[in-house]
Amino acid sequence: MLRAREQAHRNGESVRLGDIVLRNRLVTSSSLLGYGVSSSNFYGMSPIAKFVSLAEFGAVTTRTLTVEPREGHFTTREDWAPHELPGLLKRYGTVLRGTDGGWINAFGWCNVGIEAYLRDYYPRTRDQRVIISLGGFSAEEFVTLVDRVNEVVPAGDIAAVEFNVSCHNVNFDFTTILQDVLDEAVPRSNHPVILKLSPDYDYLRNAQQAAAAGVSALTAINTVKALRLDPRTGKPLLSNRYGGLSGRAIKPIGLRVVSELRESGVTLPIIATGGIRSVDDCREYFWAGADAVSLGSATWLASYPGYALAPLRGLHVRRVLNAVRRYGVQASHSVALR
C-alpha cells in the first residue's frame with residue numbers, strides 16, 4: 001500500500017506548506033474530532049463528522065496527547081452505555097458551555113496518552129493525513145513524545161506534529177518552558193513541527209522564536225482565555241473556573257493575529273483557525289495571510305437539538321471543503337476563493 005503522502009502526490013491533490021505536505025488547504029482543529037477514529041462509532045464530540053469523510057481533509061489534527069493518559073477535567077472514556085447518557089451530559093456541562101457566538105471549554109487535555117494512541121488509534125487512520133497534537137509541561141515531556149512518535153511513525157507518514165504550548169485549560173504558564181521545548185524537542189523530530197500560538201501570549205515573539213528554532217509552520221490561534229459565571233449564584237460554570245473561548249466570537253481575533261504576524265515579517269506558513277464555518281470565512285483568512293485554514297468548534301459543535309441537522313451540516317462542510325480544494329495547489333495570498 002502506498003503511503004498517504006505518496007498517494008496524495010499520485011492523485012495530484014497535495015499542497016506544500018514549506019516541508020509540510022497536506023492533501024488540500026482545509027484541515028481540522030485539535031480535539032474536536034478526537035483521534036480521527038473512535039471505538040464508540042463517533043469521532044470525538046461531533047456527530048456531524050459522521051457525514052464527512054475525514055480522509056478528504058488536508059489533514060486531521062488529533063486531540064492533544066500527553067506522555068501518560070490524562071483525565072483532565074473530563075474523562076478518557078468512550079464506551080458509554082445508553083443508560084449512562086444523562087451522567088455523560090452532566091459531565092459535559094462542567095467542561096463545555098455555549099456562549100454568545102461561541103463555546104467555552106475546560107477539558108484540560110483529557111486523552112488516552114501517546115502509547116494508547118499509537119497502538120489503538122493511529123493504525124486505523126492510515127487513510128487520513130494526520131497532524132499529531134502533542135502537549136506537555138516540560139521540555140523533557142515533549143522530547144519523550146517526539147521520540148515515541150519517531151519510533152512508531154516513519155518520516156513522511158504524517159503531515160506534522162503540532163506542539164500545543166498555549167492551552168489555558170491546564171493551569172500552566174507555558175512561557176516558562178517554550179524556549180527549552182523549541183531548543184530540545186524540535187531538532188529531534190523526524191516530522192515537521194507546527195507551533196500552536198495563543199492570542200493571550202506574546203505571539204509575535206513566540207513566532208520569531210519558532211522560526212529561529214526550525215519550526216515548519218504556525219497554527220494561529222488557540223482558544224482565548226475566558227470565564228462564565230452562573231448569573232444566579234456567581235459561581236463559575238466550568239469546573240476549571242477559566243476555560244478556552246472558541247467559535248464565531250474569536251474570528252476577528254484570529255484574523256488580527258494572522259495579519260499582525262504577516263505585518264511583523266513572519267514568513268512561516270500559517271494554518272489559521274478561529275470561527276471558521278463558511279467559504280467567506282476561509283477567504284478572509286487567506287486575505288489576511290494564512291496558507292491553510294482549520295475547522296474547529298464553529299463547524300463541529302452544536303446544541304444537542306441542533307445535532308438533528310447533522311446531515312445538513314455535514315453537507316455544508318463538504319461544500320466548504322470542495323471550495324477550498326478548488327483554491328488550488330499554487331494559490332497565493334492574492335487569489336480569492338470563487
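Strands here are DSSP runs of E, at least two residues long, while helices are runs of H or I of at least four, and both are numbered from the N terminus. Two strands count as paired if DSSP finds at least two bridges between them. Arg-97, for one, stands opposite Ile-104 in β6.

A word on what you're looking at: this is a predicted model, in which local features need pLDDT of at least 70 and side-chain atom pairs count only at pLDDT 80 or more, while totals for chains, interfaces and linings use all residues. Residues are numbered from 1 along each chain as its sequence is written, and side-chain values use heavy atoms, with hydrogens and water left out.

The order β5-β6-β12-β11 describes an open sheet of 4 strands with antiparallel pairing. Its edge strands are β5 and β11 (224-227), each of which pairs on one side only. Ignoring direction, neighbouring strands of this sheet are turned by 40° against each other on average; such angles are taken between axes, which are lines fitted to C-alpha atoms (for helices, over the stretch in contact), and run from 0 to 180 degrees between N-to-C directions. On its other pairing, β6 meets strand β12 (residues 242-246) in the antiparallel sense over 3 bridges, and Trp-103 has Ser-246 in β12 as its bridge partner. Helix α2 (residues 85-95) lies across β5 and β6, running at about 60° to β5.

Now for the barrel. This one is closed, has 8 strands with parallel pairing, and runs β3-β4-β7-β8-β9-β10-β13-β14. From one strand to the next, the twist averages 25°. One piece of it to look at is β4 (residues 59-61) beside β7 (residues 130-134), a parallel pair with 2 bridges. There, Thr-61 stands opposite Ile-131 in β7. Helix α8 (residues 279-288) packs on the sheet, touching β13 (270-273) and β14 (292-295), and its direction makes about 140° with that of β14. Touching, or contact, means heavy atoms within 4.5 Å.

Strand β13 is also where you'll find Thr-273. With a relative accessibility of 8%, Thr-273 counts as buried (buried means under 20% relative accessible area, exposed over 50%, and partly exposed in between, using a 1.4 Å probe and protein chains only). Leaving out residues up to four places away in sequence, its contacts include Ser-29, Tyr-285 and Ser-294. With Ser-29 there is a polar contact of 2.9 Å, side chain to side chain. A polar contact is a pair of N or O atoms within 3.5 Å; within protein, one must be able to donate a hydrogen and the other to accept it, and residues adjacent in sequence count only if both atoms are side-chain atoms.

Another residue worth a click is Ser-166, in the loop between β8 and α5 (178-185). Ser-166 is buried too, at 1% relative accessible area. A polar atom of its side chain lies 3.0 Å from the backbone oxygen of Lys-196, and a polar contact of 2.9 Å joins the side chains of Ser-166 and Asn-222.

On to the rings. The structure holds 13 aromatic pairs, where rings of Phe, Tyr and Trp (its six-membered ring) pair if their centres lie within 6.5 Å, with planes under 30 degrees apart called stacked, over 60 edge-to-face and the rest tilted. Phe-57 and Trp-300 have ring centres 6.1 Å apart and planes at 65°, so they are edge-to-face. Because Phe-57 lies in the loop between β3 (26-28) and β4 and Trp-300 in helix α9 (residues 297-300), the pair ties together parts that are 243 residues apart in sequence. Both Phe-57 and Trp-300 are buried. Phe-142 and Phe-163 make a tilted pair, 5.1 Å centre to centre with 50° between the planes.

Last, the cysteines. Counting sulfur pairs within 2.5 Å as disulfides, the total comes to 0. Cys-110 is in none, as the nearest cysteine sulfur, that of Cys-167, is 10 Å away. Cys-110 is buried, with 3% relative accessible area.
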